Amino acid sequence: MSLKNFSGSNQASLEYIGKALHEFKESGKLIYAISDYYNQSQYFLASYANKIYLTPHGFVDLRGISTSKLYYKSLLDNLKINTHIFRVGTYKSAVKPFIQDQMSNHVRHEETTLVNRLWDQYLKTISTNRNVTTQSIFPGIDNILNELHQMQGDTAAYALKNKWIDEIASHFVIENTMKKIFGSNKQGTSFNAISMYDYNLIAPTKQDNQIAIICVNGPIVDGPNIPGSIGGDTIAHKIRSARFDPKIKAIVLRVNSPGGSVNASELIRLELTTTRDSGKPVIVSMGGVAASGGYWISTPANVIIASNSTITGSIGIFGIINTFEKSLDAIGIHSDGANTSPIANISITTPLPTEYINMMQLYVNTSYHYFISTVAESRRKTTEDIHKIAQGHVWLGYDAIKNGLIDYIGDIDDAINKAVELAHLQEYQLNWYEDKVNWIDVLMQQTNKVIHSIIIKLLNHYISLDNFNNDNVNINNSNILQFAWNDPKNCYALDLNYLAQL
């Protein structure tokens, strides 16, 4: 198992891959992990191996989990940009970077609790796989530094001493060992191996009993899919197609989304409700994150299943509108005109009228009450019960089940089994409703990532950014620069904090 090109994933997804590795090993087959370097995601998977190899100058990069986000208040003030915020929820932190220069105490407490619990789960899994204590896996940075000093900074030797790995060996030695175990290839140049990409997959015969797998993977925007985001229209169309297909007997909705547009989320929710009421079971399988609008679209499910590491909840609503009248005024540009009513001309170049500000707050308040009422009805609780655990509060899976927000702890396999049970199927086939790959969309998505990366690097040149790397759970809201703010009412059920993860 070479993890060199594996960049990482969220913790829930890593746990699911780990489950498959565990089942493979339990079948009696051996797993060897080989690398010059393991980041935290790579090492999580490597820990399932029968034997972990590390080259002499390699290291295992265990650091812990942290959060990091940018705050824009002073920047917006300096640019004379008016940011109008409308929100409900003490813990709804998505808008805080626009109105503050640092983390609030509420958010700091919640995020500290979150990362500590995720890290505890990470260490517990690693220690179980390696048959050592969590203390020996991560004894604290001071102890690690002291021991590294004593070992003259030999990171490979440190990893071996603390049983992070099983053997230090060069690629030549590792390859000869693999040849002895698996034999040589036909050319005699390496050990006998096959890439996962070279397997010949046999297409199964189409069956009449099918379970639709529909994935919502990314922030939710109004309209069709756009690169990097999931369109409410696109997902609703897939659900509708599954509803009208007589071969589809149940739907498993795989949600890995921080939410987004209220309008788009409600469109998806209504389509799922119609499907469920038509007699086809709907099962939600939550991935790494199913928060805010991601939870909104989950409410119609007959059953909701999440992992212990799933980030969910964040039941709250906010609206955001930026206006630039002060910026334009500073450079001598002014806006004027005639209107039939105070709200006839809502523009980014003019101040927001008081009447429209009141209207926006009303939209947000109404959407929040609708949100908690919908959750209360679906979870068979009172709105007061839901309000206590809502207000933008974020929960991990094992807390969500205690609060009644989900039904079971499990993964997508458990969701499929539940769909089979509720649809009363003896035999079935999975039908993955996947988007066709469009090279133009892929190109645009990659271009957006490059531009985003350049912007962040430019900011990084002037601002000190700690823990901004792929090896930690990066909870940062720089994705504000990428998200399409296109809800028709400017109302969002979105948890920007969790758009990027491990």
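Student: Is F182 buried, partly exposed or exposed?
Tutor: The general idea is a cut-off: buried means under 20% relative accessible area, exposed over 50%, and partly exposed in between (1.4 Å probe, protein chains only). F182 has a relative accessible area of 40%, so F182 is partly exposed. Before we go on: this is a predicted model, where local features need pLDDT of at least 70, side-chain atom pairs count only at pLDDT 80 or more, and totals for chains, interfaces and linings use all residues. Residues are numbered from 1 along each chain as its sequence is written, and side-chain values use heavy atoms, with hydrogens and water left out.

Student: How many aromatic pairs are there?
Tutor: A pair of aromatic rings is described by the distance of the centres and the angle of the planes. Rings of Phe, Tyr and Trp (its six-membered ring) pair if their centres lie within 6.5 Å; planes under 30 degrees apart count as stacked, over 60 as edge-to-face and the rest as tilted. By this rule the count is 11. One of them is Y32 with F182, edge-to-face at 6.1 Å centre to centre and 85 degrees between the planes.

Student: Where do Y32 and F182 lie?
Tutor: Y32 is in strand β1 (residues 32-38) and F182 in helix α9 (residues 171-182), so the pair ties together parts 150 residues apart in sequence. Helices (H or I, at least four residues) and strands (E, at least two) are DSSP runs, numbered from the N terminus. Y32, at 13% relative accessible area, is buried. Then there's F318 with Y492, a tilted pair: 5.9 Å centre to centre, 35 degrees between the planes. F318 sits in strand β13 and Y492 in strand β17, 174 residues apart, and both F318 and Y492 are buried.

Student: At what angle do the axes of α10 and α11 cross?
Tutor: Two packed helices are described by the angle between their axes and the distance between the axes. Axes are lines fitted to C-alpha atoms, for helices over the stretch in contact, and angles run from 0 to 180 degrees between N-to-C directions. Here α10 (residues 232-244) and α11 (residues 262-277) cross at roughly 5 degrees, with axes coming within 8 Å. That makes α10 roughly parallel to α11 (angles under 35 degrees count as roughly parallel, over 145 as roughly antiparallel, 65 to 115 as roughly perpendicular and the rest as oblique).
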